[in-house]
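Here is a short briefing to read alongside the model.

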Amino acid sequence: MVESRKTSETDIRLDLNVRGTGVYQFDTEIPFFEHMLSHISKHGLIDMDLKLRGDIGIDCHHSVEDTAILMGQMIHTQLGDKKGIFRYGHFTLPMDEVLTTVAVDLGGRFYFKYSGPPMDGKFGIYDAELSLEFLQKFALNAKMNLHVVVHYGENRHHIHESIFKGLGKALRQAIAIDPSAKDQIPSTKGMLE
């Protein structure tokens, strides 16, 4: 599925498949952002081909935010009525001195909560705080609950990697088809928005 988003601040083309094999290709001019997205793809088995141009002469905010919006919308669309999916997923990921838990609910309602050390500093041209912006806008547009807890950790790179790897793993669980309920909507309401 290929979608585009073009504003006065960004021009994005994204080919995304939630039932993929974890292959990815990026052309964003933001190396650290590509590194983080590769973890969602690889660990979530979500194929991505992203071309992004944005106003990075100002900063990377609009580029990261608009990519999150488009990714979230595409995942929500591809899941359709969500028949047969597990809906929930969670993963606790150790990465050297860091331990992070990511939990998701694809139930159609937005909520985002982060608990952990402050996201500050830079990775090249990427402001560390943009990871929280990405996660919030991604969850909002995917219509999902997303809870991220960094239990402990020191290395900033490891903390970020653990979050994005954990998100990939949690999404993989939630998106997967439950063979025991493949024809059922995973809700007592009989529908998910």
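## A serine and its surroundings

Leaving aside its neighbours within four places in sequence, Ser41 is in contact with Gly22, Val23, Tyr24, Ile46, Asp47 and Met48, where contact means heavy atoms within 4.5 Å. Ser41 sits in helix H1 and is buried, with a relative accessible area of 0%. Buried means under 20% relative accessible area, exposed over 50%, and partly exposed in between, with a 1.4 Å probe and protein chains only.

This is a predicted model, in which local features need pLDDT of at least 70 and side-chain atom pairs count only at pLDDT 80 or more, while totals for chains, interfaces and linings use all residues. Residues are numbered from 1 along each chain as its sequence is written, and side-chain values use heavy atoms, with hydrogens and water left out.

**The chain as a whole**

- The secondary structure comes to four helices and 10 strands; helices (H or I, at least four residues) and strands (E, at least two) are DSSP runs, numbered from the N terminus.
- Read from the N terminus on, the elements follow the order β-β-β-α-β-α-β-β-β-β-β-α-β-α.
- The chain has a radius of gyration of 16 Å, which agrees with the value near 16 Å that a compact globule of 193 residues would have. That radius is taken over C-alpha atoms, and the globule rule is 2.2 Å times the number of residues to the power 0.38.
- Along its principal axes, the C-alpha trace spans about 50 × 40 × 25 Å.
- Of the 193 residues, 52% count as buried.
- Among contacts with a separation of 6 or more, 78% are made by residues 24 or more positions apart.

**The sheet with S1 to S4**

- Four strands form an open sheet in the order S1-S2-S4-S3, with mixed pairing; two strands pair if DSSP finds at least two bridges between them.
- At its edges are strand S1 (2-6) and strand S3 (24-27), each pairing on one side only.
- Neighbouring strands of this sheet are turned by 5° against each other on average, direction ignored.
- S3 and strand S4 (residues 47-54) are parallel, pairing over four bridges, and Tyr24 stands opposite Met48 in S4.
- Helix H1 (residues 31-44) lies across S3 and S4 and runs at about 160° to S3. Axes are lines fitted to C-alpha atoms, for helices over the stretch in contact, and angles run from 0 to 180 degrees between N-to-C directions.
- Helix H2 (residues 61-79) lies across S1, strand S2 (10-17) and S4, at about 35° to S2.

**The sheet with S5, S6, S10 and S7**

- Four strands make up an open sheet in the order S5-S6-S10-S7, and the pairing is mixed.
- Strand S5 (88-95) and strand S7 (111-115) stand at the edges with a single partner strand each, so one side of each is left without a neighbour in the sheet.
- The twist averages 10° from one strand to the next.
- S7 and strand S10 (residues 145-152) pair in the parallel sense over five bridges; Lys113 has His147 in S10 as its bridge partner.
- Helix H3 (residues 130-142) packs on the sheet, touching S7 and S10, and its direction makes about 155° with that of S7.
- H4 lies across S5, strand S6 (98-105), S7 and S10, running at about 150° to S5.
- S5 and S6 run antiparallel and are joined by eight bridges; the partner of Gly89 in S6 is Val104.
- The hairpin of S5 and S6 has two residues between the strands, and Asp96 takes a positive phi near 55° there.

**The nonpolar core**

- The largest nonpolar core has 52 residues, and those with the most contacts inside it are Phe134 and Leu146. Such a core is a set of buried Ala, Val, Leu, Ile, Met, Phe, Trp, Tyr and Cys residues joined through side-chain atoms within 4.5 Å.
- H4 gives the largest share of this core, eight residues.
- Not counting residues up to four places away in sequence, Phe134 touches Phe33, Leu37, Ile40, Val64, Ala68, Met71 and Phe164.

**A histidine in H4**

- His160 is found in helix H4 (residues 156-175) and is buried, with a relative accessible area of 2%.
- The His160 side chain reaches the backbone oxygen of Arg156 at 3.0 Å.
- Beyond four places in sequence, His160 touches Phe32, Met36, Met119, Phe123, Ala128 and Ser131.

Terms used: A polar contact is a pair of N or O atoms within 3.5 Å; within protein, one must be able to donate a hydrogen and the other to accept it, and residues adjacent in sequence count only if both atoms are side-chain atoms.
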